[in-house]
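This report describes selected side-chain interactions and strand pairing in one protein model. The sequence and the structure are shown first.

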Amino acid sequence: MEAAVVAYLRDHALLQPVLRGRIYPLRLPQNPTFPAVTYQRVSTTAQTAHDGPVSLLTTRLQLDVWGERYADVKYVAELLHLALLGWSGIIGTSKIWITGQLGEVDLQDPDTQLYRVSMDFAIHHKKTEG
């Protein structure tokens, strides 16, 4: 599921000119170009019905926007909101619904002095037939 969401974000018309594919798993590469985004799966829970498990999963996905200027990270965070909130679609073999944002916090790393906006999104997903 993470790969499907990242593929969607890398190709998104609002994000592509700003990020140019700079979306990385877990941490930034050495000597990154900014702004950049890192992502990580915080948790995944399986949904159940009265008669047992169903194929629907809910994942909490954390996206962190990094940059040298506060205005840059806030701008990219807003673009992520526009791209993700309420979006649904099929990517590869996954049907995805992004139903909400679970939290957001503004931070500054004391060692690097980089600014960061950390956001968590609720993503529902299941495998499609075929």
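## Basis of the values

The model is predicted; local features need pLDDT of at least 70, side-chain atom pairs count only at pLDDT 80 or more, and totals for chains, interfaces and linings use all residues. Residues are numbered from 1 along each chain as its sequence is written, and side-chain values use heavy atoms, with hydrogens and water left out.

Helices (H or I, at least four residues) and strands (E, at least two) are DSSP runs, numbered from the N terminus. Residues are termed buried under 20% relative accessible area, exposed over 50% and partly exposed in between (1.4 Å probe, protein chains only).

## Aromatic pairs

Two aromatic pairs are found in a search of the whole structure. Such a pair consists of rings of Phe, Tyr or Trp (its six-membered ring) with centres within 6.5 Å; planes under 30 degrees apart count as stacked, over 60 as edge-to-face and the rest as tilted. One of the pairs joins Tyr8 and Trp87, and it is stacked because the ring centres are 4.1 Å apart and the planes lie at 25 degrees.

Tyr8 belongs to helix H1 (residues 2–11), whereas Trp87 lies in the loop between helix H3 (70–84) and strand E4 (88–91), so the pair ties together parts that are 79 residues apart in sequence. Tyr8 is buried at a relative accessible area of 16%, and Trp87 is buried at 17%.

Strand E5 (residues 94–108) pairs with strand E6 (residues 115–127) in the antiparallel sense, over 13 bridges. Two strands are taken as paired if DSSP finds at least two bridges between them. Gly103 stands opposite Asp120 in E6. The hairpin has six residues between the strands, and Gln113 takes a positive phi near 65 degrees.

Asp64 lies in strand E3 (residues 52–67) and is buried, at 7% relative accessibility. Contact here means heavy atoms within 4.5 Å. Leaving aside neighbours within four places in sequence, Asp64 is in contact with Ala36, Val37, Thr38, Arg116, Val117, Ser118 and Met119.

The side chain of Asp64 makes polar contacts with the side chains of Ser118, at 2.6 Å, and Gln62, at 2.8 Å. A polar contact is a pair of N or O atoms within 3.5 Å; within protein, one must be able to donate a hydrogen and the other to accept it, and residues adjacent in sequence count only if both atoms are side-chain atoms.

## Salt bridges

The whole structure contains six salt bridges, each defined as a side-chain nitrogen of Lys or Arg within 4 Å of a carboxyl oxygen of Asp or Glu. Among them is the bridge between Arg60 and Asp120 (2.7 Å, N to O). Arg60 is in strand E3 and Asp120 in strand E6, so this pair ties together parts 60 residues apart in sequence. Arg60 is partly exposed at 31% relative accessibility, while Asp120 is buried at 10%.

Another bridge joins Arg116 and Asp64 (3.6 Å, N to O); with Arg116 in strand E6 and Asp64 in strand E3, the pair ties together parts 52 residues apart in sequence. Arg116 is partly exposed, with a relative accessible area of 22%. Glu104 and Lys74 also meet in a salt bridge (3.7 Å, N to O), which links strand E5 to helix H3 across 30 residues. Salt bridges that share partners join Lys74, Glu104 and Asp106 into one network.
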